[in-house]
Amino acid sequence: MIAALKMFYSTLGRKLVMALTGLFLAVFLLEHLYGNLQLYKMDGGLAFNEYGEFLVHNIVIRTVEFALFGGILLHVIDALFLTLHNRKARPVRYAVSHQAGNSTWFSRNMGLTGSIILVFLVIHLKTFFVTHRFQGVDTSMAQDVAVAFQSNWYAALYLFSMVLLGAHLNHGFQSAFQTLGWNNHRYMKPLKIVGTLFALLVTIGFGSFPIIFYFDLFGVASNILGQ
Ligand code: HEM
């Protein structure tokens with residue numbers, strides 16, 4: 001037990017927790033994208049609202065939801081710890097040497113992209129999740145999404161955040177597998193490709209909602225709003 005706790009609080013332990021929670025959150029994103037795609041069914045938002053109802057009333061899903069929020073919390077806390085730890089170990093930041101090798105601006109700034117995604121998440125949860133679950137709002141969730149994306153700043157915030165999320169995942173995916181020990185030549189190249197494809201899927205998939213709703217492309221927004 002003590003050994004497990006020591007491992008958890010060590011740098012390696014925290015990296016492992018970050019990798020595992022990150023991959024768990026990636027699986028959540030696939031489920032969430034599948035749910036959101038119901039918005040495109042041109043059925044006035046019925047399938048999307050039914051899917052949301054199913055999630056709320058399913059006991060297994062409600063339990064997984066606790067794991068989801070726990071996972072987000074652990075991922076953020078460990079990210080903060082590791083960033084501060086790295087700063088302490090190297091108080092003077094390199095001026096130029098980071099520009100070489102495999103490192104990219106995004107791989108060096110996972111803390112920054114992660115923090116912006118966290119701000120997005122807080123706004124996102126406040127708009128849809130908290131209002132319905134805790135403030136007794138009982139409107140059609142599909143209509144709420146359509147109305148939210150009529151706002152310039154809301155649609156722009158989502159689009160910007162989805163690009164950053166893609167960049168965060170592009171590096172995070174391969175980094176997680178590296179931490180889990182899959183860092184030999186044979187695995188790293190395919191993992192890098194899978195990570196990039198996953199990041200593209202998330203950015204294009206989630207990024208399509210603000211664009212399609214804001215411009216009412218294919219009449220999706222009017223169909224849901226009954227116009
Ligand atoms: C851009 C497209 C997105 C749309 C239209 C969207 C829509 C929604 C809606 C309507 C809910 C409320 C579900 C309910 O309470 O029944 C929700 C919940 C949630 N969203 Fe999103 N979402 C989007 C992107 C994202 C992204 C990129 C993330 C993560 C980075 C995310 C994380 C969450 C979480 C954690 C919840 C609460 C848990 C849950 O209900 O499953 N969402 N989203």
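**Note on the predicted model: ligand shell, fold and core**

1. The shell around the ligand comprises 13 nonpolar, 5 polar and 2 charged residues. The structure under review is a predicted model, and the remarks below should be read with that in mind. Of the 20 residues around the ligand, those that come nearest are Gly52, Phe128, Phe129, Phe206 and Phe209.

2. Which helices supply at least two residues each of the shell around the ligand? They are H2 (11–36), H3 (46–57), H6 (110–134), H7 (141–148), H8 (152–179) and H9 (185–214). The most is given by H6, with 8 residues.

3. Glycine 52, one of the residues that come nearest to the ligand, is located in helix H3. Glycine 52 has 18 other C-beta atoms within 10 Å; because a residue counts as buried at 20 or more and as exposed at 12 or fewer, it is classed as partly exposed. The C-alpha atoms of glycine 52 and glycine 35 are 7.8 Å apart in space, although 17 residues separate the two in sequence.

4. Helix H6 also contains isoleucine 116. Is isoleucine 116 buried or partly exposed? Its C-beta neighbours inside 10 Å number 16, so it falls in the partly exposed class. Once its neighbours within four places in sequence are left aside, isoleucine 116 is in contact with Ser161 and Leu164.

5. As to the overall fold, the secondary structure of the chain amounts to 10 helices and 0 strands. Along the principal axes, the C-alpha atoms fill a box of roughly 60 × 45 × 35 Å. Of the 227 residues, 19% count as buried. Among contacts between residues at least 6 apart in sequence, 79% join residues at least 24 apart.

6. Helix H2 may be checked by its length. At 1.5 Å a residue, its 26 residues should span 38 Å, and its end C-alpha atoms lie 36 Å apart, which agrees. The buried residues of H2 include Arg14, Val17 and Met18, together with Ala19, Thr21 and Gly22.

7. The largest nonpolar core has 23 residues, of which Ala142, Val145, Ala146 and Phe213 touch the most other members. Two or more residues of this core come from each of H2, H7, H8, H9 and helix H10 (220–225). The most is given by H8, with 6 residues. Beyond residues up to four places away in sequence, alanine 146 touches Phe213, Ala221, Ile224 and Leu225.

8. The chain averages a pLDDT of 90, and 91% of the residues score at least 70. Where is confidence lowest, and where is it highest? The lowest mean, 68, belongs to helix H1 (residues 2–9), whereas H10 has the highest, at 98. Over residues 94–100 the pLDDT is below 50, and this stretch has 2 contacts in the model beyond near neighbours in sequence. Where pLDDT is low, the predicted coordinates should not be read in detail.

Conventions: Residues are numbered from 1 along each chain as its sequence is written. This is a predicted model: local features need pLDDT of at least 70, side-chain atom pairs count only at pLDDT 80 or more; totals for chains, interfaces and linings use all residues. A residue is near a molecule or strand if its C-beta atom, placed from the backbone, lies within 6 Å of it. Helices (H or I, at least four residues) and strands (E, at least two) are DSSP runs, numbered from the N terminus. Ala, Val, Leu, Ile, Met, Phe, Trp, Tyr, Cys and Pro count as nonpolar, Asp, Glu, Lys and Arg as charged, and the others, Gly among them, as polar. The expected span of a helix is 1.5 Å times one less than its number of residues. Two residues are in contact if their C-beta atoms, placed from the backbone, lie within 7 Å. A nonpolar core is a set of buried Ala, Val, Leu, Ile, Met, Phe, Trp, Tyr and Cys residues joined through C-beta atoms within 7 Å. pLDDT is the predictor's confidence in each residue, from 0 to 100.
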